Amino acid sequence: MHARNSIPRWSLLLPIAALAWAALEITGVLHDTATLFVLPAILLLGGSVFASVLHAEVLGARLGEPMGSIILACCVTLIEVALIISIMLSGIEGGEEVARDTVFAAVMIVLNGIIGLCLVRGGRIYHEQSFKLPAASAALAVLGTLSTLAFVLPNFAISGADRQYSWAQLLVISLCCLTLYGVFLFVQTVRHRNYFVDDADEAPPAGEDFFPEHPEKPSARMTAISAVMLPVSLLVVILLAEALSHPLDRAITAAGLPHALVGVVIAALVLLPEGISSVQAAARNRIQQSINLVLGSALASIGMSIPIVALVSIFIGQQITLGLEPEQMVMLLLTLFVSTLTLGTGRTTVLQGAVHLVIFVVFVLLTLVP
(Lines give C-alpha, C1' and ligand atoms only; values in the text may rest on other atoms or scores of the structure.)
Protein backbone atom coordinates (compact mmCIF):
# COMPACT_ATOMS: atom_id res chain seq x y z
CA MET A 1 0.00 0.00 0.00
CA HIS A 2 1.30 3.42 -0.93
CA ALA A 3 1.14 6.40 1.32
CA ARG A 4 -1.25 9.19 0.36
CA ASN A 5 0.15 11.43 -2.35
CA SER A 6 3.41 9.54 -2.46
CA ILE A 7 5.33 7.85 -5.25
CA PRO A 8 6.62 4.28 -4.77
CA ARG A 9 10.29 4.37 -3.85
CA TRP A 10 11.18 1.77 -6.46
CA SER A 11 10.14 4.18 -9.22
CA LEU A 12 12.75 6.64 -7.92
CA LEU A 13 15.55 4.27 -7.00
CA LEU A 14 15.48 1.96 -10.05
CA PRO A 15 16.07 4.66 -12.71
CA ILE A 16 18.89 6.19 -10.64
CA ALA A 17 20.51 2.78 -10.15
CA ALA A 18 20.06 2.02 -13.85
CA LEU A 19 21.65 5.33 -14.80
CA ALA A 20 24.69 4.49 -12.66
CA TRP A 21 24.87 1.02 -14.23
CA ALA A 22 24.73 2.50 -17.73
CA ALA A 23 27.51 4.94 -16.78
CA LEU A 24 29.70 2.00 -15.76
CA GLU A 25 29.25 0.46 -19.22
CA ILE A 26 29.85 3.76 -21.03
CA THR A 27 33.07 4.42 -19.07
CA GLY A 28 34.29 0.88 -19.74
CA VAL A 29 34.27 -0.31 -16.13
CA LEU A 30 31.84 -3.07 -17.13
CA HIS A 31 31.77 -4.60 -20.61
CA ASP A 32 28.44 -5.33 -22.28
CA THR A 33 29.42 -8.98 -22.72
CA ALA A 34 29.95 -9.54 -19.00
CA THR A 35 27.20 -11.51 -17.27
CA LEU A 36 27.69 -9.17 -14.31
CA PHE A 37 26.51 -6.34 -16.54
CA VAL A 38 23.88 -8.01 -18.75
CA LEU A 39 21.64 -9.67 -16.16
CA PRO A 40 21.28 -6.63 -13.85
CA ALA A 41 20.93 -4.38 -16.90
CA ILE A 42 17.94 -6.39 -18.14
CA LEU A 43 16.22 -6.12 -14.76
CA LEU A 44 16.98 -2.41 -14.47
CA LEU A 45 15.74 -1.81 -18.02
CA GLY A 46 12.40 -3.47 -17.27
CA GLY A 47 12.07 -1.56 -14.00
CA SER A 48 12.85 1.72 -15.74
CA VAL A 49 10.13 1.10 -18.34
CA PHE A 50 7.60 0.58 -15.55
CA ALA A 51 8.89 3.67 -13.74
CA SER A 52 8.62 5.88 -16.83
CA VAL A 53 5.03 4.77 -17.46
CA LEU A 54 4.15 5.34 -13.80
CA HIS A 55 5.53 8.89 -13.84
CA ALA A 56 3.70 9.57 -17.11
CA GLU A 57 0.48 8.39 -15.47
CA VAL A 58 1.06 10.68 -12.50
CA LEU A 59 1.45 13.67 -14.82
CA GLY A 60 -1.60 12.57 -16.77
CA ALA A 61 -3.71 12.22 -13.63
CA ARG A 62 -2.67 15.72 -12.55
CA LEU A 63 -3.38 17.38 -15.90
CA GLY A 64 -6.53 15.41 -16.67
CA GLU A 65 -7.98 14.54 -20.06
CA PRO A 66 -7.15 14.87 -22.86
CA MET A 67 -3.55 15.52 -21.79
CA GLY A 68 -3.40 12.38 -19.65
CA SER A 69 -3.95 10.00 -22.55
CA ILE A 70 -1.63 11.98 -24.81
CA ILE A 71 1.24 12.02 -22.29
CA LEU A 72 0.99 8.27 -21.65
CA ALA A 73 0.80 7.46 -25.36
CA CYS A 74 3.75 9.73 -26.13
CA CYS A 75 5.78 8.22 -23.29
CA VAL A 76 5.28 4.62 -24.42
CA THR A 77 5.85 5.57 -28.06
CA LEU A 78 9.03 7.47 -27.23
CA ILE A 79 10.40 4.39 -25.47
CA GLU A 80 9.53 2.22 -28.46
CA VAL A 81 11.03 4.68 -30.95
CA ALA A 82 14.19 5.07 -28.87
CA LEU A 83 14.70 1.31 -28.73
CA ILE A 84 14.12 0.94 -32.47
CA ILE A 85 16.46 3.77 -33.47
CA SER A 86 19.19 2.65 -31.06
CA ILE A 87 19.17 -0.81 -32.63
CA MET A 88 19.04 0.63 -36.16
CA LEU A 89 22.13 2.74 -35.44
CA SER A 90 23.97 -0.10 -33.69
CA GLY A 91 24.62 -1.81 -37.00
CA ILE A 92 23.37 -5.26 -35.99
CA GLU A 93 22.12 -7.67 -38.64
CA GLY A 94 18.51 -7.02 -39.63
CA GLY A 95 18.58 -3.45 -38.32
CA GLU A 96 16.67 -2.15 -41.36
CA GLU A 97 13.75 -4.45 -40.44
CA VAL A 98 13.61 -3.82 -36.69
CA ALA A 99 10.99 -1.05 -36.98
CA ARG A 100 8.67 -3.30 -38.96
CA ASP A 101 9.25 -6.29 -36.68
CA THR A 102 8.73 -4.26 -33.50
CA VAL A 103 5.55 -2.45 -34.53
CA PHE A 104 4.05 -5.53 -36.18
CA ALA A 105 4.79 -7.50 -33.00
CA ALA A 106 3.18 -4.73 -30.94
CA VAL A 107 -0.01 -4.93 -33.02
CA MET A 108 -0.15 -8.72 -32.73
CA ILE A 109 0.57 -8.66 -29.01
CA VAL A 110 -2.12 -6.11 -28.14
CA LEU A 111 -4.81 -7.27 -30.61
CA ASN A 112 -4.36 -10.97 -29.84
CA GLY A 113 -2.35 -11.59 -26.66
CA ILE A 114 -3.55 -8.77 -24.43
CA ILE A 115 -7.12 -8.50 -25.69
CA GLY A 116 -7.40 -12.29 -25.56
CA LEU A 117 -6.37 -12.32 -21.90
CA CYS A 118 -8.79 -9.45 -21.18
CA LEU A 119 -11.75 -11.22 -22.76
CA VAL A 120 -10.95 -14.57 -21.15
CA ARG A 121 -10.43 -12.99 -17.73
CA GLY A 122 -13.55 -10.84 -17.97
CA GLY A 123 -15.66 -13.60 -19.49
CA ARG A 124 -14.67 -16.07 -16.79
CA ILE A 125 -15.80 -13.67 -14.07
CA TYR A 126 -18.77 -11.86 -15.66
CA HIS A 127 -19.71 -14.26 -18.51
CA GLU A 128 -20.51 -11.38 -20.88
CA GLN A 129 -19.21 -7.81 -20.99
CA SER A 130 -20.41 -4.85 -23.05
CA PHE A 131 -18.74 -1.73 -24.43
CA LYS A 132 -19.53 1.16 -26.76
CA LEU A 133 -19.51 0.13 -30.39
CA PRO A 134 -18.67 3.59 -31.91
CA ALA A 135 -15.33 3.67 -30.05
CA ALA A 136 -14.20 0.27 -31.31
CA SER A 137 -15.46 0.92 -34.84
CA ALA A 138 -13.62 4.23 -35.10
CA ALA A 139 -10.37 2.76 -33.74
CA LEU A 140 -10.51 -0.32 -35.99
CA ALA A 141 -11.17 1.78 -39.09
CA VAL A 142 -8.06 3.86 -38.40
CA LEU A 143 -6.02 0.83 -37.37
CA GLY A 144 -6.89 -1.09 -40.54
CA THR A 145 -5.93 1.88 -42.71
CA LEU A 146 -2.64 2.51 -40.93
CA SER A 147 -1.70 -1.18 -40.96
CA THR A 148 -2.33 -1.47 -44.69
CA LEU A 149 -0.37 1.69 -45.52
CA ALA A 150 2.55 0.75 -43.28
CA PHE A 151 2.89 -3.01 -43.78
CA VAL A 152 1.00 -4.23 -46.85
CA LEU A 153 1.28 -1.51 -49.50
CA PRO A 154 5.15 -1.47 -49.53
CA ASN A 155 5.06 -4.99 -50.96
CA PHE A 156 3.22 -3.74 -54.05
CA ALA A 157 4.80 -0.30 -54.57
CA ILE A 158 7.34 -0.54 -57.41
CA SER A 159 9.31 2.71 -57.00
CA GLY A 160 11.40 1.54 -54.05
CA ALA A 161 13.47 -1.55 -53.35
CA ASP A 162 11.90 -4.88 -52.41
CA ARG A 163 9.33 -4.35 -49.60
CA GLN A 164 10.47 -0.72 -49.24
CA TYR A 165 8.98 2.65 -50.11
CA SER A 166 10.95 5.16 -52.12
CA TRP A 167 12.03 8.25 -50.18
CA ALA A 168 9.16 10.33 -51.58
CA GLN A 169 6.61 7.63 -50.84
CA LEU A 170 7.96 7.11 -47.35
CA LEU A 171 7.72 10.82 -46.57
CA VAL A 172 4.14 11.19 -47.81
CA ILE A 173 2.91 7.97 -46.17
CA SER A 174 4.53 9.01 -42.87
CA LEU A 175 2.79 12.39 -42.93
CA CYS A 176 -0.52 10.73 -43.80
CA CYS A 177 -0.19 8.31 -40.86
CA LEU A 178 0.66 11.12 -38.44
CA THR A 179 -2.26 13.20 -39.69
CA LEU A 180 -4.77 10.38 -39.43
CA TYR A 181 -3.59 9.47 -35.94
CA GLY A 182 -3.79 13.12 -34.91
CA VAL A 183 -7.40 13.31 -36.13
CA PHE A 184 -8.21 10.15 -34.16
CA LEU A 185 -6.71 11.67 -30.99
CA PHE A 186 -8.80 14.80 -31.52
CA VAL A 187 -11.96 12.69 -31.89
CA GLN A 188 -11.08 10.53 -28.88
CA THR A 189 -10.17 13.31 -26.48
CA VAL A 190 -12.22 16.32 -27.65
CA ARG A 191 -14.89 16.06 -30.34
CA HIS A 192 -16.43 12.66 -29.49
CA ARG A 193 -14.89 11.84 -26.13
CA ASN A 194 -18.22 10.36 -24.94
CA TYR A 195 -17.73 7.47 -27.39
CA PHE A 196 -14.76 6.26 -25.36
CA VAL A 197 -16.17 6.68 -21.84
CA ASP A 198 -18.39 4.12 -20.15
CA ASP A 199 -21.62 5.83 -19.09
CA ALA A 200 -22.19 3.45 -16.21
CA ASP A 201 -18.71 3.69 -14.82
CA GLU A 202 -16.52 6.67 -15.70
CA ALA A 203 -13.00 5.61 -16.61
CA PRO A 204 -10.61 6.06 -13.65
CA PRO A 205 -7.71 8.48 -13.69
CA ALA A 206 -4.60 7.36 -15.48
CA GLY A 207 -2.70 6.56 -12.27
CA GLU A 208 -5.36 4.37 -10.65
CA ASP A 209 -3.65 1.05 -11.32
CA PHE A 210 -0.58 2.23 -9.43
CA PHE A 211 -2.57 4.22 -6.86
CA PRO A 212 -5.81 2.23 -6.57
CA GLU A 213 -6.87 3.58 -3.21
CA HIS A 214 -6.42 7.28 -4.12
CA PRO A 215 -8.17 8.24 -7.34
CA GLU A 216 -7.84 11.96 -6.58
CA LYS A 217 -5.32 14.12 -8.37
CA PRO A 218 -1.67 13.81 -7.27
CA SER A 219 -0.23 16.60 -5.16
CA ALA A 220 1.95 19.38 -6.59
CA ARG A 221 5.04 17.82 -4.95
CA MET A 222 4.24 14.41 -6.42
CA THR A 223 3.74 15.95 -9.86
CA ALA A 224 7.04 17.84 -9.66
CA ILE A 225 8.93 14.66 -8.76
CA SER A 226 7.39 12.79 -11.69
CA ALA A 227 8.15 15.70 -14.04
CA VAL A 228 11.83 15.32 -13.15
CA MET A 229 11.95 11.51 -13.04
CA LEU A 230 10.11 10.93 -16.33
CA PRO A 231 12.92 12.25 -18.59
CA VAL A 232 15.49 10.50 -16.36
CA SER A 233 13.66 7.18 -16.74
CA LEU A 234 13.37 7.62 -20.49
CA LEU A 235 17.09 8.46 -20.77
CA VAL A 236 17.96 5.33 -18.80
CA VAL A 237 15.80 3.15 -21.06
CA ILE A 238 17.54 4.52 -24.14
CA LEU A 239 21.05 4.07 -22.71
CA LEU A 240 20.46 0.52 -21.45
CA ALA A 241 18.72 -0.49 -24.67
CA GLU A 242 21.72 0.67 -26.67
CA ALA A 243 24.06 -1.23 -24.35
CA LEU A 244 22.00 -4.43 -24.51
CA SER A 245 21.37 -4.43 -28.27
CA HIS A 246 24.59 -6.27 -29.13
CA PRO A 247 24.31 -8.93 -26.36
CA LEU A 248 20.69 -9.56 -27.42
CA ASP A 249 21.68 -9.92 -31.07
CA ARG A 250 24.53 -12.29 -30.18
CA ALA A 251 22.25 -14.41 -27.98
CA ILE A 252 19.60 -14.71 -30.71
CA THR A 253 22.23 -15.58 -33.32
CA ALA A 254 23.86 -18.16 -31.04
CA ALA A 255 20.48 -19.78 -30.39
CA GLY A 256 19.77 -19.94 -34.11
CA LEU A 257 16.57 -17.91 -33.76
CA PRO A 258 15.22 -15.43 -36.35
CA HIS A 259 16.26 -11.80 -35.94
CA ALA A 260 12.56 -10.84 -35.92
CA LEU A 261 12.59 -12.00 -32.31
CA VAL A 262 14.40 -8.76 -31.42
CA GLY A 263 11.29 -6.80 -32.38
CA VAL A 264 9.05 -9.11 -30.36
CA VAL A 265 11.23 -8.64 -27.27
CA ILE A 266 11.13 -4.84 -27.63
CA ALA A 267 7.37 -4.76 -28.14
CA ALA A 268 6.70 -7.08 -25.20
CA LEU A 269 8.89 -4.99 -22.91
CA VAL A 270 7.26 -1.71 -23.90
CA LEU A 271 3.69 -3.04 -23.74
CA LEU A 272 4.00 -4.94 -20.47
CA PRO A 273 2.76 -2.14 -18.16
CA GLU A 274 -0.21 -1.29 -20.39
CA GLY A 275 -1.01 -4.98 -20.79
CA ILE A 276 -1.20 -5.44 -17.03
CA SER A 277 -3.45 -2.38 -16.72
CA SER A 278 -5.76 -3.71 -19.45
CA VAL A 279 -6.19 -7.12 -17.84
CA GLN A 280 -6.78 -5.51 -14.44
CA ALA A 281 -9.48 -3.28 -15.94
CA ALA A 282 -11.23 -6.29 -17.51
CA ALA A 283 -11.20 -8.07 -14.15
CA ARG A 284 -12.97 -5.01 -12.64
CA ASN A 285 -15.65 -5.22 -15.37
CA ARG A 286 -14.28 -2.13 -17.14
CA ILE A 287 -13.93 -3.71 -20.56
CA GLN A 288 -14.38 -0.29 -22.18
CA GLN A 289 -11.18 0.86 -20.50
CA SER A 290 -9.39 -2.33 -21.59
CA ILE A 291 -10.42 -1.86 -25.22
CA ASN A 292 -9.40 1.81 -25.13
CA LEU A 293 -5.95 0.87 -23.83
CA VAL A 294 -5.48 -2.02 -26.25
CA LEU A 295 -6.60 -0.23 -29.41
CA GLY A 296 -4.86 2.98 -28.30
CA SER A 297 -1.56 1.11 -27.92
CA ALA A 298 -1.84 -0.44 -31.37
CA LEU A 299 -2.76 2.89 -32.96
CA ALA A 300 0.09 4.74 -31.24
CA SER A 301 2.60 2.08 -32.33
CA ILE A 302 1.72 2.50 -36.00
CA GLY A 303 0.50 6.10 -36.07
CA MET A 304 3.49 7.54 -34.23
CA SER A 305 6.37 5.05 -34.14
CA ILE A 306 6.45 4.22 -37.86
CA PRO A 307 6.31 7.87 -39.07
CA ILE A 308 8.93 9.04 -36.56
CA VAL A 309 11.32 6.20 -37.39
CA ALA A 310 10.68 6.75 -41.10
CA LEU A 311 11.48 10.47 -40.84
CA VAL A 312 14.66 9.66 -38.89
CA SER A 313 15.68 7.13 -41.53
CA ILE A 314 15.18 9.75 -44.26
CA PHE A 315 17.30 12.22 -42.29
CA ILE A 316 20.19 9.79 -41.74
CA GLY A 317 19.86 8.20 -45.18
CA GLN A 318 19.22 4.66 -43.95
CA GLN A 319 16.59 2.57 -45.72
CA ILE A 320 13.97 0.72 -43.68
CA THR A 321 12.00 -2.33 -44.75
CA LEU A 322 8.29 -2.07 -43.86
CA GLY A 323 6.63 -4.69 -46.09
CA LEU A 324 5.65 -7.86 -44.27
CA GLU A 325 6.58 -11.38 -45.27
CA PRO A 326 3.69 -13.40 -46.80
CA GLU A 327 2.95 -15.35 -43.62
CA GLN A 328 3.02 -12.14 -41.59
CA MET A 329 0.53 -10.50 -43.96
CA VAL A 330 -1.81 -13.46 -43.51
CA MET A 331 -1.58 -13.14 -39.73
CA LEU A 332 -2.21 -9.39 -39.86
CA LEU A 333 -5.26 -9.73 -42.11
CA LEU A 334 -6.63 -12.56 -39.97
CA THR A 335 -6.13 -10.45 -36.83
CA LEU A 336 -7.91 -7.42 -38.30
CA PHE A 337 -10.76 -9.60 -39.61
CA VAL A 338 -11.29 -11.40 -36.28
CA SER A 339 -10.94 -8.13 -34.33
CA THR A 340 -13.70 -6.61 -36.47
CA LEU A 341 -15.98 -9.55 -35.66
CA THR A 342 -15.04 -9.56 -31.98
CA LEU A 343 -15.51 -5.84 -31.45
CA GLY A 344 -18.35 -5.42 -33.95
CA THR A 345 -21.20 -6.41 -31.64
CA GLY A 346 -20.55 -4.39 -28.49
CA ARG A 347 -20.43 -7.57 -26.40
CA THR A 348 -17.62 -10.00 -25.61
CA THR A 349 -17.41 -13.55 -24.25
CA VAL A 350 -14.70 -15.99 -23.28
CA LEU A 351 -14.97 -17.71 -26.71
CA GLN A 352 -13.82 -14.57 -28.50
CA GLY A 353 -10.90 -14.28 -26.12
CA ALA A 354 -9.91 -17.89 -26.83
CA VAL A 355 -9.88 -17.19 -30.59
CA HIS A 356 -7.50 -14.26 -30.14
CA LEU A 357 -5.19 -16.27 -27.87
CA VAL A 358 -4.98 -19.06 -30.47
CA ILE A 359 -3.98 -16.53 -33.13
CA PHE A 360 -1.35 -15.14 -30.74
CA VAL A 361 0.12 -18.62 -30.11
CA VAL A 362 0.42 -19.15 -33.88
CA PHE A 363 2.10 -15.73 -34.23
CA VAL A 364 4.70 -16.71 -31.62
CA LEU A 365 5.21 -20.06 -33.35
CA LEU A 366 5.82 -18.42 -36.74
CA THR A 367 8.22 -15.95 -35.13
CA LEU A 368 10.33 -18.75 -33.65
CA VAL A 369 9.89 -21.18 -36.55
CA PRO A 370 9.09 -19.18 -39.75
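1. At what angle do the axes of helix α4 (residues 98-126) and helix α8 (residues 260-283) cross, and within what distance do they come? In this predicted model, the two axes cross at roughly 25° and come within 8 Å. Angles under 35 degrees count as roughly parallel, so α4 and α8 are roughly parallel to each other. Their crossing is right-handed. The residues of this contact are 20 nonpolar, five polar and two charged.

2. The helix pair belongs to a protein with eleven helices and two strands. Along the sequence these elements follow the pattern α-α-α-α-β-α-α-α-α-α-α-β-α.

3. On burial and surface: of the 370 residues in the protein, 53% are buried. The protein exposes about 15,600 Å², and carbon and sulfur atoms supply 70% of that area.

4. On contacts along the chain: taking contacts between residues at least 6 apart in sequence, 83% join residues at least 24 apart.

5. Two backbone angles deserve a check. His127 has a phi near 70°, a positive value in a residue other than glycine. His127 sits in the loop between α4 and β1 (129-130). The His127 residue is exposed, with a relative accessible area of 62%.

6. The second case is Asn285, whose phi is near 65°, again positive in a residue other than glycine. Asn285 lies in the loop between α8 and α9 (287-316). With a relative accessible area of 37%, Asn285 is partly exposed.

Methods
Residues numbered from 1 in each chain as written. Predicted model: local features only at pLDDT ≥ 70, side-chain atom pairs only at ≥ 80, totals over all residues. Heavy atoms only, no water. Helix = DSSP H or I, 4+ residues; strand = E, 2+ residues; numbered from the N terminus. Buried < 20%, exposed > 50% of the residue type's maximum accessible area, 1.4 Å probe, protein only. Contact = heavy atoms within 4.5 Å. Areas by Shrake-Rupley, 256 points an atom, 1.4 Å probe, with all protein chains shown as cover. Axes fitted to C-alpha atoms, helices over the stretch in contact; angles between N-to-C directions. Parallel < 35°, antiparallel > 145°, perpendicular 65-115°, else oblique. Left-handed = near helix turned anticlockwise from the far one by under 90°. Nonpolar A, V, L, I, M, F, W, Y, C, P; charged D, E, K, R; others polar.
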